[in-house]
Amino acid sequence: MKRTPEEKLLNPKPGGKIAAARDFGIDLTLTVSQLRLSPQQRIDNLQSGMKFLAELAKARKLGPVEKVK
Amino acid sequence: MIDLEKAITSLADNNVEYVVVGGVAITLHASGYITQDLDFCYLRTRENIHHLVTALNPFDPMPRNWPDGLPFIFDESTLMNGTNFTFDTSIGAIDLLGEVKGIGNYTDALANSVTYQIYGLEVRAFTLEALIISKTAADRPKDHLVLPELLALKEALDPNEE
């Protein structure tokens, strides 16, 4: 029986491109999560991720804040 | 950070002919990669360039890293005199590509695209195969970071692959 894309990503065959991506350091569980979403949901997640990265960039510019004693 | 809804809605409202080719297309194919800009390949006819200028002008495009105080006019002549442009706008970074490495011009991009429905609009974006070809041809360090996941997705979605 043919395996689904999710099954292939979560249990890659040795020597294939999926195994190579896993060994490269790609978190394929996140790829599976993305596959379960609609294109609109993927874009909404991307937009949220962009906002988060923009906030991180702002925080990096401000530098660390003093801990309250 | 690009406001994708504003950008895509304005392009649609002004009937711009374009194909999404970069990180946003990668996201549409279910990669977890996060881009900060919108890259698209556009049809380089005078009419489409007029539509493109009308669509993007409200967002005050300026070439990225343009020197402060140096005047710049975003109009049809500017776009006719070049091919690929990187702009900062009031809604974020937008790259306009008349040619995409490894694929070609808009006609080639269109032939290598699929339609997605986002924000209630039909948007053309590169196929997974076209993304792999263009990223391989671009051959920059950032392309090598996304290629393993794109190749993995291609293998996972291939019905002939076990």
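In this predicted model, strand E3 (residues 62-63) of chain B runs antiparallel to strand E4 (residues 85-89) of chain B and is joined to it by two bridges, where strands are DSSP runs of E with at least two residues, helices are DSSP runs of H or I with at least four residues, and both are numbered from the N terminus. Two strands count as paired if DSSP finds at least two bridges between them. Because the model is predicted, local features need pLDDT of at least 70 and side-chain atom pairs count only at pLDDT 80 or more, whereas totals for chains, interfaces and linings use all residues. Residues are numbered from 1 along each chain as its sequence is written, and chains are lettered from A and ligands numbered from 1 in the order in which they are written.

**Strand pairing in chain B**
- Within the pairing of E3(B) with E4(B), Pro63(B) stands opposite Phe87(B).
- E4(B) also pairs in the antiparallel sense, over five bridges, with strand E5 (residues 92-97) of chain B, and there Asp88(B) stands opposite Ala93(B).
- E4(B) and E5(B) form a hairpin, with two residues between them.

**Chain B as a whole**
- Chain B has seven helices and seven strands, which from the N terminus on run α-β-α-β-α-β-α-β-β-α-β-β-α-α.
- Of the 162 residues of chain B, 41% count as buried, a residue being buried if 20 or more other C-beta atoms (placed from the backbone) lie within 10 Å of its own, exposed if 12 or fewer do, and partly exposed in between.
- Among contacts in chain B between residues at least 6 apart in sequence, 63% join residues at least 24 apart, a contact requiring C-beta atoms, placed from the backbone, that lie within 7 Å.

- Leaving aside neighbours within four places in sequence, the contacts of Val19(B) include Phe40(B), Cys41(B), Tyr106(B) and Phe126(B).
- Ala137(B), placed in helix H6 (residues 128-138) of chain B, is exposed, because 12 other C-beta atoms lie within 10 Å.

**Chain A and its contact with chain B**
- Chain A has four helices and zero strands, and its radius of gyration of 18 Å is well over the 11 Å that the globule rule gives for 69 residues, so chain A is more spread out than a compact globule.
- The contact takes 29 residues from chain A and 24 residues from chain B, and H4(A) gives the most to the side of chain A that touches chain B, with eleven residues.

**Confidence**
- The mean pLDDT of chain B is 96, and 100% of its residues reach 70 or more, pLDDT being the predictor's confidence in each residue, from 0 to 100.
- The predictor gives the complex an ipTM of 0.92 and a pTM of 0.92.

Technical notes: Contact = placed C-beta atoms within 7 Å. Rg over C-alpha atoms; globule rule 2.2 N^0.38 Å.
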